[in-house]
Amino acid sequence: RNPAVGDLDSDVDIGEYRVDDAKRLLGQTDASIKTIAEEVGFNSLASFNRVFRDIAGETPSDYRKKARK
């Protein structure tokens, strides 16, 4: 294992933690998706949307719609 490459498992764990935090904010606040992405540690809305979709299986806006029903 090359330490310069980084630990991919910890990257996945961080992504899951950030998405879980984002899910809570999406369901409980009216903050914009961009604001939530920044709050949970993403510098790019596109990256947030991609990671969220990969982990949650749906977009942040679709998740919010379902969470609010």
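Me: Is Glu58 buried or exposed?

Reply: Glu58 is buried, with a relative accessible area of 17%. Buried stands for under 20% relative accessible area, exposed for over 50%, and partly exposed for values in between, with a 1.4 Å probe and protein chains only. This is a predicted model, in which local features need pLDDT of at least 70 and side-chain atom pairs count only at pLDDT 80 or more, while totals for chains, interfaces and linings use all residues. Residues are numbered from 1 along each chain as its sequence is written, and side-chain values use heavy atoms, with hydrogens and water left out.

Me: Where does Glu58 lie?

Reply: Glu58 is in the loop between helix 3 (45-56) and helix 4 (60-67). Helices are DSSP runs (H or I, at least four residues), numbered from the N terminus.

Me: Which residues is Glu58 in contact with, leaving aside its neighbours within four places in sequence?

Reply: They are Phe52, Arg53, Tyr63 and Lys66, where contact means heavy atoms within 4.5 Å. With Lys66, the side chain of Glu58 meets in a salt bridge (3.0 Å, N to O). A salt bridge is a side-chain nitrogen of Lys or Arg within 4 Å of a carboxyl oxygen of Asp or Glu. Lys66 is exposed, at a relative accessible area of 57%.

Me: How many salt bridges does the structure hold?

Reply: There are five salt bridges. One of them joins Asp30 to Arg68, with the closest N and O atoms 3.1 Å apart. That pair links distant parts of the chain, since Asp30 is in the loop between helix 1 and helix 2 and Arg68 is in the segment after helix 4, 38 residues apart. Asp30 counts as exposed at 69% relative accessibility, and Arg68 as partly exposed at 40%.

Me: What about Lys65 and Asp62, where do they lie?

Reply: Both are in helix 4, three residues apart, about one turn of the helix. An α-helix has 3.6 residues a turn, so residues three or four places apart point the same way. Lys65 is exposed at 55% relative accessibility, whereas Asp62 is partly exposed at 32%.

Me: Changing topic: which residues form the largest nonpolar core?

Reply: The largest nonpolar core has 11 residues: Val19, Ala22, Leu25, Leu26, Ile36, Ala37, Val40, Phe42, Phe48, Val51 and Phe52. Helix 1 (8-28), helix 2 (33-39) and helix 3 each supply at least two residues of this core, and helix 1 gives the most, with four residues. Such a core is a set of buried Ala, Val, Leu, Ile, Met, Phe, Trp, Tyr and Cys residues joined through side-chain atoms within 4.5 Å.

Me: And which residues are buried in helix 3?

Reply: In helix 3, Phe48, Val51 and Phe52 are buried. Seen down the axis, the buried residues of helix 3 fall within an arc of 100 degrees, so they line one face of the helix; the arc is that of the directions from the helix axis to the C-beta atoms. The face turned away from the buried side of helix 3 carries the exposed residues Ala46 and Asp54.

Me: What follows helix 3?

Reply: Helix 3 is followed by Gly57, whose phi is positive, near 80 degrees.
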